[in-house]
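Work through these exercises with the model in view. Try each task before you read its solution.

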Amino acid sequence: MNLNVGDVAVEIPQSLIICEDTALRSDMRQVLEKVDELASETITLLWSMRERHNKHSEFMPYFSALPKSFNTGLSFSIDALTALEGTLLLEEIIQAKEHLRAQYENLCSTLFASNPEIFAPEFYTWDQFLWGCELWYSNSMKVAFPDGKLKTCLVPVAGLLNHSLYPHVMRYSTINTRTESLKLYVSRPCKSGQQCYLSYGPLPSSNLITFYGFLLKGDNPYDTIPIELDLPQQLDPNNQSLDKGCQISHMVRGTWLSRSRSNKYGLPSRLVDSLRTAFLEEDDLQLLQRSPRLSIISKENEAAVLEAILSIMKPMLDSMGETNEFSSEDCSWDVNLAMQFKDGQQRLITSICESCSSGLEVLGLS
């Protein structure tokens, strides 16, 4: 059947929603409540690690339907991490794994060791812990409960809906007290036979790989390259006062996403304007302070801006190396995913370099 705007795409009984309250209704409560500052997400994670092995659990149909591995960036092999060399994602995944490992070791030395009757060692290995983390990262969603609290939950069926930039379900509803269920409403029509998508949020590809294990087909408008600059001088746009020794950060997207490429080269206006100010001569800077709307950008100044950006981007591109050392046909899922990510990052950086080079050509200084 066709779904129109306002129709219910999925309705899930509240009794099937897994959250902190579910865990605290179990025999774990007496132990978990004694631990100070244990996050609700950790409580539900620990409960689900054991409950998935409980053959008599009311949630067994849900746990049985889950994959044995989630194939997210947290499970990347050494080869996949090697394929990410030169990207910021490599460090992000390493840091995320180190954080989880430290959390696991802390739980082992305290909670698990002192309560083996609750936390059976065979259910709380590192591999089981990582599986649980990937489950909650990739399948959980925020649900608003009638008491006004927003809780992280596992929602059978709804948690299996895939992500899209153009989703059918935009917002998650509050649990309806009358029907005692969670309803996900359609925000745009979905024809019979089409896959119904929801949105996980405005996530860059690095987050999608690390916590969900996939990439979007085509461009992701939320992909950026961070640029941090230490500038000798910067003009405050609010009061036109001069700040010395400023550090600024910018997130730069692929220039093909820019609506205007006329005098900013498809780059963020604030980045270009900041560099233009930084490279102004002292006399021109004082003139700009007196007359902020005055255009005093010279060809030499503009060239310095473009060359500065190129000096940042080109080494970044070179450090990524080539991805053709791996054959996509023979590669594992994680190496293929890593290569796709790196290709996207290289394309993004290349677009910035090409825009700057084109600008220099227009100036006649290339």
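## Exercise 1: The whole chain

Describe the surface, burial and secondary structure of the protein chain.

Solution. This is a predicted model. Start with the surface. The protein chain exposes about 19600 Å², and carbon and sulfur atoms supply 49% of that area. Next, take burial. The chain has 366 residues, and 46% of them count as buried. Then list the secondary structure: 12 helices and six strands. Finish with contacts. Among those with a separation of 6 or more, 68% join residues 24 or more positions apart.

## Exercise 2: The helix α11

Now find which residues of α11 are buried.

Solution. Look for a relative accessible area under 20%. In α11, the buried residues are N301, E302, A303, V305, L306, A308, I309, L310 and M313. An α-helix has 3.6 residues a turn, so residues three or four places apart point the same way. Last, look past the helix. G321 follows α11 and has a positive phi, near 65°.

## Exercise 3: The nonpolar cores

Which residues of the largest nonpolar core touch the most other members?

Solution. The core has 35 residues, and L32, L46, F119, F129 and L135 touch the most other members. Where do they come from? At least two core residues come from each of α1 (20-24), α2 (29-32), α3 (40-51), α4 (60-65), α6 (88-114) and α7 (126-139). The largest share is that of α7, with seven residues. Now zoom in on F129. Leaving out residues up to four places away in sequence, F129 touches L45, M49, L100, Q103, Y104 and L107. A second, separate core has 24 residues, including I225, L267, L271 and L363. In soluble globular proteins, nonpolar side chains tend to be buried together.

## Exercise 4: Positive phi

Are V157 and E180 buried or exposed?

Solution. Begin with the rule. Most residues other than glycine have a negative phi. Now check V157: its phi is positive, near 75°. E180 is not a glycine either, yet its phi is about 50°. Locate them. V157 is in the loop between β3 (150-154) and β4 (181-185), and E180 is also found in the loop between β3 and β4. Exposed means over 50% relative accessible area. V157 has 52%, so it is exposed. E180 has 53%, so E180 is exposed too.

Definitions and conventions. Residues numbered from 1 in each chain as written. Predicted model: local features only at pLDDT ≥ 70, side-chain atom pairs only at ≥ 80, totals over all residues. Heavy atoms only, no water. Helix = DSSP H or I, 4+ residues; strand = E, 2+ residues; numbered from the N terminus. Buried < 20%, exposed > 50% of the residue type's maximum accessible area, 1.4 Å probe, protein only. Core = buried A, V, L, I, M, F, W, Y, C linked by side-chain atoms within 4.5 Å. Contact = heavy atoms within 4.5 Å. Areas by Shrake-Rupley, 256 points an atom, 1.4 Å probe, with all protein chains shown as cover.
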